[in-house]
Amino acid sequence: MSLNAPKRTLPVTGIILAGGKSRRMGQNKALLPLGEDSLIAHVIRRMRRVTDELLLITNAPAEYTHLGLPMHSDIIPDAGALGGIYTGLTYASHDVAVCVACDSPFLQPKLLSYLISILGEYDAVMPYTESRNRGIEVTNPSHSTDQMTLQTLCAVYAKRCLPVIEQMLNEPDLRVHALRERANILTLAPEIWKTYDAKGYSFFNINTPEDFEKAQTIL
């Protein structure tokens, strides 16, 4: 398998979710300085390498106007990441979208490009990590099952997911990983995604001061 990022043949929308409360950080973590840029600026720079359009999903747009990105508030309030993905896909101009969190500064564009390239007729492509073997590469996992941790916010979605997600938003279970039971999802094993992101840094999220210190060390 080649280490080179595949060339894109279809236009792609990038969706950055910035809807968290940052309770454990005590301040808006997306705007924390990491090196010479803010946390979210790292995300934006990496996402721009693999997308044709970039949207920011936030309920606090005044805090992000300086970024110059199109912004949208949640269509359905208080629906968590699932609601953010739904909002992003609704406003996306393109049929393919990469969804990430605002606190993932080490996204690997080669991995994202590969996820885009294998979407095909699937509704989404989600890498997974081994739940029992976390380490640095699975810090703050998205959603866990007994065997795997689905990385739902380092994933590629097709707009055709929208009807299924809309139905899920009318039900009590708002877990993004439940989409795997309702749609045609391709899950990507570690032995494949590590070709493009050997240490799994794409899945590193910053939720605590300890995570932020670790991010400074990685940087």
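**Aromatic pairs**

A: F203 is buried, at 1% relative accessible area, where buried means under 20%, exposed over 50% and partly exposed in between (1.4 Å probe, protein chains only). This is a predicted model, in which local features need pLDDT of at least 70, side-chain atom pairs count only at pLDDT 80 or more, and totals for chains, interfaces and linings use all residues. Residues are numbered from 1 along each chain as its sequence is written, and side-chain values use heavy atoms, with hydrogens and water left out.

Q: How is a pair of aromatic rings described, and how many aromatic pairs are there?

A: The distance of the centres and the angle of the planes describe a pair of aromatic rings. Rings of Phe, Tyr and Trp (its six-membered ring) pair if their centres lie within 6.5 Å; planes under 30 degrees apart count as stacked, over 60 as edge-to-face and the rest as tilted. By this rule, there are four aromatic pairs. One of them is stacked, because the ring centres of Y114 and Y196 are 4.5 Å apart and their planes lie at 15°.

Q: Why does the pair of Y114 and Y196 tie together parts of the sequence?

A: Y114 belongs to helix α3 (residues 109–117) and Y196 to the loop between α5 (190–193) and α6 (209–218), so the pair joins parts 82 residues apart in sequence. Helices (H or I, at least four residues) are DSSP runs, numbered from the N terminus. Y114 is buried at 12% relative accessibility, and Y196 is buried at 8%.

Q: Which arrangement do W193 and F203 form?

A: W193 and F203 are edge-to-face, 4.9 Å centre to centre with 85° between the planes. W193 is in helix α5 and F203 in the loop between α5 and α6, 10 residues apart. W193 is buried, at 0% relative accessibility.

Conventions:
Helix = DSSP H or I, 4+ residues; strand = E, 2+ residues; numbered from the N terminus.
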